[in-house]
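Q: I have a sequence and a model on screen. How do I read the features one at a time?

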Amino acid sequence: MLRQWSVQAPGAPEPEPAGEELWEQEMERLCSSQEPVRVLPYAMVDKRFIRQLREPEGVKTSCWQQWRHGQQTAGRRLGEAARRLARGCGLWEGALYEIGGLFGTGIQSYFTFLRFLLLLNLLTLLLTTSFILLPLTWLRPPDRGPALNFTLQCPGGHQPQTGVPKFNNLLWNVLTGRAFNNTYLFYGAYRAGPESSSIYSIRLAYFLSPLACLLLCFCGILRRMVKGLPQKMFLGQDYRSPLSAKVFSSWDFCIQGQEAATIKKHEISNEFKVELEEGRHLLMVQHQTRAQRACHLLTYLRVNTLIGILVVGAISAIFWATKYSQDNKEESLFLLLQYLPPGVIALVNFLGPLLFVFLVQLENYPPNTEVNLTLIWCVVLKLASLGMFSFSLGQTVLCIGRNKTSCESYGYNACDYQCWEDSVGEELYKLSIFNFLLMVAFTFLVSLPRRLLVERFSGRFWAWLDREEFLLPKNVLDIVEGQTVTWMGLFYCPLLPVLNSIFVFLTFYIKKYTLLRNSRPSPRPFRASSSIFFFQLVLILGLLLAAVPLGYVVSSIRSSWDCGLFTNYSAPWQVVPELVALRLPPPSQRILHYLGSHAFSFPLLILLSLVLTVCVSQSQASARAIRGLRKQLVWQVQEKWHLVDDLSRLLPEPGSGDSLGPESPHSRGSRPRYFCPGFPCPGSPGPRAPRPEHSFEDPAGLRGVPVPAPRFRFPSGAEL
């Protein structure tokens, strides 16, 4: 609330009683309100006056109230200091500020997304270490016993294989994961004794840890996505600050260093570019003819049909590459076949975004829509690729959709995979390693030489080639793919988050080097608000893609008979009813059986439907309230402009001898007049109509006095 002294001409009548009543009501509301003084929208002088009204000098507070007030103040200051320290010591804060200033908030959102993924991986690693590795080390699992003597019914006298041929090259064994087969990196190295003789169930912890990690990651992503929703909703065309506000209020006058000033200049410049680009596209859309709209629709259909055909072809190539690699494990070219599926997936994901960016640009969308639409198609390609890769592995290892003798007897292809969990874990491990190595190779073997050649030579060809553009959809696609592979491997490769954390940490610095040295800024900058929301949406889709196969495996697939924790179980899920029967008393067992029955499911479904109905109704009511508040905000701005117009009519022209200046505040009375009844206060009624005795034609009530022309222009509805 701006501090205003009453302005009136000499001999003017006192304000109306309605204004006095409004002022008194506002003072009573502020005195009786429990809202902290520090959050009130008033100046410091007004806040001190409000505090004096709430705590008069003659009234003494009790010791308990003083102590509680002191504790609250100390706790608030300690919390603020802790938040400032956390922001100051946050990971990559300086680098993120530099990137945001030089390249805009859209590129900065990608690096912020990398930091968020690193925190998710560290949280997953913390849960796995706390509930599996530390108890397993403390309990000292039993040694591996002699191999079980099973006679497999393999067709044609085919003997069971250990999975892959053996090679003595240590580097190759590290790249394929076979060097870690007997470590806790893979499922097969985990062992535990009978459940009846153990005080802590390693099997239950191993079964629940991946599910708990996925659930926590889902909650974190959902919270971050919902947190970004209001920002995305309010930055539409109906509620935008004018460009003039950015021109006159964007500079930070606390900046002292030259480097910080340069970054701030680039940041303001990028904001202006975004505003002007969005305004240009909006104006172009408004002036489109019907024929131009029809041509745009045909272009949209043609481009998206072509993109859909490319996605189907890429999925088919991944399926046949994975099938061929698994069916020809004994060939002499096995060294190349090991990385055939990851190679095809990497090739598809490298060429796909480039083609998508080129095709989507033909539709002439605004920068935000262009990035989001390209990101959607890239995500469809990536998730479909990983889904087809999982299905082809399941068809080969678990005989999904195939009829084989060993599958009918053991539930999986026991003739070729004695420990099928380790085989699936190795495939996911190789996919994660290959993606990171490909990113490093592309940075230092393609981007860096390209930049050196462009800087060294001059000519039409090198000017056309130029440095590469930092494609946000492709880079987001790569890190989402790595995170999805990590989630898919939580059951087969529990320590895969360690590798992914290292890869994300190194990726930040490699991508920063690429952005600052090898790339050129995008000619069409865009906002980060909608991109952040889409990043989280893409990550949730990847999480769901990883959760569906994991849920199917732990509930329906027979575990390996030769390795792991669940050798004697028809499925890992069976450890839960066994522990319920062993550890819980009969009343608790009956309660759990009731919670899992249909008698509980149907009332729960009805209750959830009611809760969902209430939430939807509340959301609609909140939307209506937001629309009303927007209108009220416009009304308040209009009333302030009317008051400024009144004031401009009262003030004399520059150079005139007479002055109608403000009256001294001491002549009005002892009470302060900081809160002007003319301006709308929080909790005050809506805009007032102009009083008849103080109209625009004769604002001061002075007949015969010449009224100067207004010096302030009332803004139009479009400007508001």
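Predicted model: local features only at pLDDT ≥ 70, side-chain atom pairs only at ≥ 80, totals over all residues.

Q: Where in the fold do Glu-427 and Lys-430 lie?

A: Both lie in helix H15, which covers residues 420–456. They are 3 residues apart, about one turn of the helix.

Q: Are Glu-427 and Lys-430 buried or exposed?

A: Both residues are buried.

Q: Which residues are linked in a network with Arg-451?

A: Glu-455 and Arg-467 are. Arg-451, Glu-455 and Arg-467 are linked in a network of salt bridges.

Q: How many salt bridges are there?

A: The count comes to 7 salt bridges. One of them joins Glu-93 and Arg-115, with the closest N and O atoms 3.0 Å apart. Glu-93 is in helix H4 (residues 93–103) and Arg-115 is in helix H5, so this pair ties together parts that are 22 residues apart in sequence. Glu-93 counts as partly exposed, at 31% relative accessibility.

Q: How do I describe two helices that pack together?

A: Two packed helices are described by the angle between their axes and by the distance between those axes. Take H13 (residues 367–397) against H15. Their axes come within 11 Å and cross at roughly 150°. An angle over 145 degrees counts as roughly antiparallel, and that makes H13 roughly antiparallel to H15. H13 passes H15 in a right-handed crossing.

Q: Which residues of H13 and H15 meet?

A: From H13, Leu-386, Phe-389, Leu-393 and Val-397 take part. From H15, they meet Trp-420, Glu-427, Leu-428 and Leu-431.

Q: How does helix H12 cross H15?

A: H12 spans residues 340–361. The axes of H12 and H15 come within 10 Å and cross at roughly 50°. The two helices are therefore oblique to each other. H12 passes H15 in a right-handed crossing. On the H12 side, the contact is made by Pro-342, Gly-343, Ile-345, Ala-346 and Phe-350. On the H15 side, it is made by Leu-431, Phe-434, Leu-438 and Phe-442.

Q: What does Asp-422 touch?

A: Asp-422 lies in helix H15. It is buried, with a relative accessible area of 10%. Leaving out residues up to four places away in sequence, Asp-422 touches Asn-181, Phe-186, Tyr-187 and Gly-188.

Q: How should I read a nonpolar core?

A: In soluble globular proteins, nonpolar side chains tend to be buried together. Here the largest nonpolar core has 114 residues. Phe-111, Phe-113, Trp-420, Trp-487, Leu-539 and Phe-566 touch the most other members. Helix H5 (residues 105–139) gives the most to this core, with 13 residues.

Q: How do I read backbone angles?

A: Most residues other than glycine have a negative phi. Asp-466 has a positive phi of about 55°, although it is not a glycine. Asp-466 lies in the loop between helix H16 (460–465) and strand E1 (468–469). It is partly exposed, with a relative accessible area of 29%.

Q: What do the totals for the protein chain come to?

A: The secondary structure comes to 22 helices and 2 strands. Buried residues make up 39% of the 720 residues in the chain. Now take contacts between residues at least 6 apart in sequence. Of these, 79% join residues at least 24 apart.

Definitions and conventions. Residues numbered from 1 in each chain as written. Heavy atoms only, no water. Core = buried A, V, L, I, M, F, W, Y, C linked by side-chain atoms within 4.5 Å. Buried < 20%, exposed > 50% of the residue type's maximum accessible area, 1.4 Å probe, protein only. Helix = DSSP H or I, 4+ residues; strand = E, 2+ residues; numbered from the N terminus. Salt bridge = Lys/Arg side-chain N within 4 Å of Asp/Glu carboxyl O. Axes fitted to C-alpha atoms, helices over the stretch in contact; angles between N-to-C directions. Parallel < 35°, antiparallel > 145°, perpendicular 65-115°, else oblique. Left-handed = near helix turned anticlockwise from the far one by under 90°. Contact = heavy atoms within 4.5 Å.
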